[in-house]
Amino acid sequence: MSWLIDWLYPKSCWGCGRGKDYLCNFCERKIKKAGLRQKSGFEGLISIYKYEGLMKKIIEEIKYQHLSAGIEILGEKMAQNLKIDYPQTVAHWQKEKFVLVPIPLYKGRENWRGFNQAGEMAMVLSQKLGLEYREILERKKKGVHLARIHSHQRRMAEIKGVFRIKEGVEGGDKIILVDDVITSGATMTEAWKTWKKRLPQGRAWGLSLAGVRR
């Protein structure tokens with residue numbers, strides 16, 4: 001199947017259109033880093049890149065043009081940057097046995113798109129960082145695109161109650177919620193609140209490919 005994907009979507013850099021990879025080192029160096037931020041309820045939120053320019057274009061093409069090819073390299077870039085920029089955090093996750101948990105898509109949307117980009121990246125991170133991957137949550141309803149809503153109050157209202165714990169899932173008192181983009185953190189917060197109802201003493205990090213501050 002990989003040869004078919006490479007034939008349909010020949011590898012070339014999203015930025016310059018050259019080379020034999022989806023994101024060459026030269027173009028990656030031009031993408032601004034986002035970094036670590038604090039948010040109530042979390043030990044920390046880490047976004048690797050800023051959600052702007054080329055990185056915003058890449059994420060939108062993946063999500064809205066159904067381009068799953070290239071998600072693996074983005075997961076690898078995330079892992080590389082985490083090892084370089086946050087080695088103590090990665091060591092902490094490994095020592096404490098944190099579990100990577102993707103933010104789920106509504107099943108209808110995932111079927112329409114053909115994949116959940118957060119899940120795909122989390123699986124790569126699991127392999128590269130030596131952390132367990134587990135699908136703990138599911139989304140009960142479709143909802144709206146929160147990136148288009150600028151009011152924090154509206155974001156929280158729209159996302160409230162959209163998640164539930166998957167039937168039969170146990171454990172996972174230390175989790176890393178993974179998504180493609182963190183904006184206000186409303187989605188991360190609601191996902192964590194849902195899981196924390198079962199494990200009030202649990203601990204969480206948030207992790208994304210890209211992020212913005214609002």
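Helices (H or I, at least four residues) and strands (E, at least two) are DSSP runs, numbered from the N terminus. This is a predicted model, where local features need pLDDT of at least 70 and side-chain atom pairs count only at pLDDT 80 or more, while totals for chains, interfaces and linings use all residues. Residues are numbered from 1 along each chain as its sequence is written, and side-chain values use heavy atoms, without hydrogens and water.

**Exercise 1.** Locate Lys 97 and state whether it is buried or exposed.

*Solution.* Start with the place: Lys 97 sits in the loop between helix 5 and strand 3 (99-102). Next, the backbone: its phi is positive, about 60°, although Lys 97 is not a glycine. Last, the surface: Lys 97 has a relative accessible area of 65%. That counts as exposed (over 50%; buried is under 20%, partly exposed in between; 1.4 Å probe, protein chains only).

**Exercise 2.** Describe how helix 4 and helix 5 pack.

*Solution.* Take the geometry: helix 4 (residues 71-85) and helix 5 (residues 87-96) meet at about 105°, axes 5 Å apart. Helix 4 is therefore roughly perpendicular to helix 5 (65 to 115 degrees). Then list the contact (heavy atoms within 4.5 Å). Helix 4 uses Leu 82, Lys 83, Ile 84 and Asp 85; helix 5 uses Pro 87, Val 90 and Trp 93.

How values were computed: Axes fitted to C-alpha atoms, helices over the stretch in contact; angles between N-to-C directions. Parallel < 35°, antiparallel > 145°, perpendicular 65-115°, else oblique.
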